[in-house]
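Hi,

Here is the structure I promised to pass on. Have a look at it first, and my notes on what turned up follow below.

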Amino acid sequence: GLRRGLSEDVRLSEPVGITRLRGGQWVVSEGERGDLRWFNQDGSQVSTLIGGGGDQWIEGDESLQGDMGMPSPLPNFRWPSFLSTQEIKLPDREAEEGAILSDTFNHKLKVFRLSELGSEAAAVGGDLAGGGRPGSQDGSLKEALFNRPAQTACSKRFDFGAPRVWVADQGNHLIRVVDRLSETVETLQLSDVPPPPPS
């Protein structure tokens, strides 16, 4: 169920991804509910960062998931899964902590700058890459297509907001590379890798 407050009163719904923030707090993605939850350092407090649908989702209406399914200005998810944290350093600004999220069944990656972390946590963000439908296509961040992106990995710190993010594109059986400097997605070319045995 969806609750917030003390951790002993909280029930998660199919947690998939977890990452630890530099302040010691935790962010967990709930696949079925479609949200990100925040826990403080000792696990005594929890709140919803973003997504979900609140009491509407408890009614079990899956149409409330998805990018366009809810009357909220915040990004919504369809099976948010794996998380990677990163430190963003922009010119003339303090470094900010952020997160890359695989929005698996929206076939997208999303990026967030996490702020005001406390009992009332907040996150702002939006699409990073992916056209919102399954496919296998390199190109610009908006034109590129993924098929159920899963685990991501990125550098912990980068300058001028331009890291590379490596993505396990599970439905395409590929590793994809997102370059935020050139704003492109490319397929990692592997060589001398034996094929998997026949199933």
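A residue counts as buried when its relative accessible area is under 20%. Lys-108 has a relative accessibility of 10%, so it falls in the buried group. Bear in mind throughout that this is a predicted model.

Now the charged pairs. Side chains of opposite charge can pair when their charged atoms come close. Searching the whole structure turns up seven salt bridges. In one of them, Lys-108 meets Asp-127, with N to O at 3.0 Å. Lys-108 sits in strand E8 (residues 108-115) and Asp-127 in strand E9 (residues 122-129), so this pair ties together parts 19 residues apart in sequence.

Another one to look at is Asp-138 with Arg-176, where the closest N and O atoms are 2.9 Å apart. Asp-138 lies in the loop between E9 and strand E10 (139-140) while Arg-176 is in strand E14 (residues 174-179), so the pair links parts 38 residues apart in sequence. Arg-176 is buried at 0% relative accessibility, whereas Asp-138 is partly exposed at 35%.

Last, have a look at Gln-41, in the loop between strands E4 (35-39) and E5 (45-51). Gln-41 is exposed, at 55% relative accessibility. Beyond its neighbours within four places in sequence, its contacts are Arg-20, Gly-23, Gly-24, Gln-25 and Trp-26. Gly-24 is 17 residues away in sequence, yet the C-alpha atoms of Gln-41 and Gly-24 are 5.1 Å apart.

Cheers

Terms used:
Residues are numbered from 1 along each chain as its sequence is written. This is a predicted model: local features need pLDDT of at least 70, side-chain atom pairs count only at pLDDT 80 or more; totals for chains, interfaces and linings use all residues. Side-chain values use heavy atoms; hydrogens and water are left out. Helices (H or I, at least four residues) and strands (E, at least two) are DSSP runs, numbered from the N terminus. Buried means under 20% relative accessible area, exposed over 50%, partly exposed in between (1.4 Å probe, protein chains only). Contact means heavy atoms within 4.5 Å. A salt bridge is a side-chain nitrogen of Lys or Arg within 4 Å of a carboxyl oxygen of Asp or Glu.
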